[in-house]
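Dear colleague,

Please find below the structure that I am handing over to you. My notes on its strands and helices follow.

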Amino acid sequence: MSATTEPGAAAYGHSTNLVGIPTGLVASVAFNAHPLPLHIHGVRETNRALFAMLDDATSADEAVLAFQIYMRTVFELDLPGERDAAGRKRYRASYLRLLRGWGFDANGREGAVLKGWAESRFGLHPTFHKRPLGRYPSEAWMAYVEEKMNARFHNNCIHAQLDLLYEYAQHTFRRWLYPGRRHLTLYRGVNDFAEHQVVAWLPRADGRSGRAREAIARHNNLVSFTTRRDIADQFGDTILEVEVPLCKVVYCNELMPGPLLRGEGEMLVLGGDYGVRMAVL
């Protein structure tokens, strides 16, 4: 089926990443339809003890406990922060704090750090942070870069923590939460398309003129969806329905006891170009 591309739809993503698959492919509709496994280089090889524990787990609860113990031990997450020469307590960066920050405000400083991690690992650059990120450099881009590089969050190997979170999530999805599944149907409510650039409108199935309710939309490099349409209804008068490959899901609350993301059924998803079905309430 043909599509009409909107003017100004530039190529999406960096030329390099850490997953060994070209960024343009990872970001594409074709990849979403026929996904390949994604693994961040070196994570499993340098953390064999964790994945041995995950393989030995006999339930999802045991896997969660193994992951938590490993992260607390390796990154000393339970220890109080060190103090500097002036006696001020130093912030100890933690993946848990970033997730809580995202749940409160995806366009806050924690959200910028998470988007920066997605850039670094998957090559997907952000399209929105507080406002649309157009051409680089710009005032919007500089504000985003300043937040994503904030020294407060870049200690305690924070990117390595997020790498392990992603690989743990993928292991748990395949073995415990969604065995045999390749895709999830997810929803997002929006009031406008500031964060979701329409790359192409798909022609109406009945052949009539006018824009259909199906399109290819370019999502931010990290974006929240929900498994529940009734939840999405609360966040906008247009509901986007997408088929998301499991390999693009970074986190959901089922991976950890206690809600870190505020929304029920919320999932943190890697972006790119997605085929979307739109329903107007």
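A crossing of two helices is called left-handed if the near helix is turned anticlockwise from the far one by less than a right angle, and right-handed if clockwise. In this predicted model, H6 passes H7 in a left-handed crossing. The axes of H6 and helix H7 (residues 109-122) cross at roughly 115° and come within 7 Å. On the H6 side the contact involves Arg97, Leu98, Gly101 and Trp102, which meet Glu110, Gly111, Val113, Leu114 and Lys115 of H7. By class, the residues of this contact comprise four nonpolar, two polar and three charged.

Helix H6 (residues 95-104) also packs on helix H9 (residues 158-177), at an angle of about 80° and with the axes 9 Å apart. H6 is therefore roughly perpendicular to H9. Tyr95, Leu98 and Leu99 of H6 make this contact with Ile158, Gln161, Leu162 and Leu165 of H9.

Turning to the strands, seven of the eight residues of strand S7 (residues 238-245) are buried, so S7 is largely enclosed by the rest of the structure. Strand S4 (residues 183-190) runs antiparallel to S7 and is joined to S7 by eight bridges; Thr185 has Glu243 in S7 as its bridge partner. S7 also pairs with strand S9 (residues 266-280), again in the antiparallel sense, over five bridges. In that pairing, Leu240 stands opposite Met278 in S9.

With kind regards

Definitions and conventions
Residues numbered from 1 in each chain as written. Predicted model: local features only at pLDDT ≥ 70, side-chain atom pairs only at ≥ 80, totals over all residues. Heavy atoms only, no water. Buried < 20%, exposed > 50% of the residue type's maximum accessible area, 1.4 Å probe, protein only. Helix = DSSP H or I, 4+ residues; strand = E, 2+ residues; numbered from the N terminus. Pairing = 2+ DSSP bridges. Axes fitted to C-alpha atoms, helices over the stretch in contact; angles between N-to-C directions. Parallel < 35°, antiparallel > 145°, perpendicular 65-115°, else oblique. Contact = heavy atoms within 4.5 Å. Nonpolar A, V, L, I, M, F, W, Y, C, P; charged D, E, K, R; others polar.
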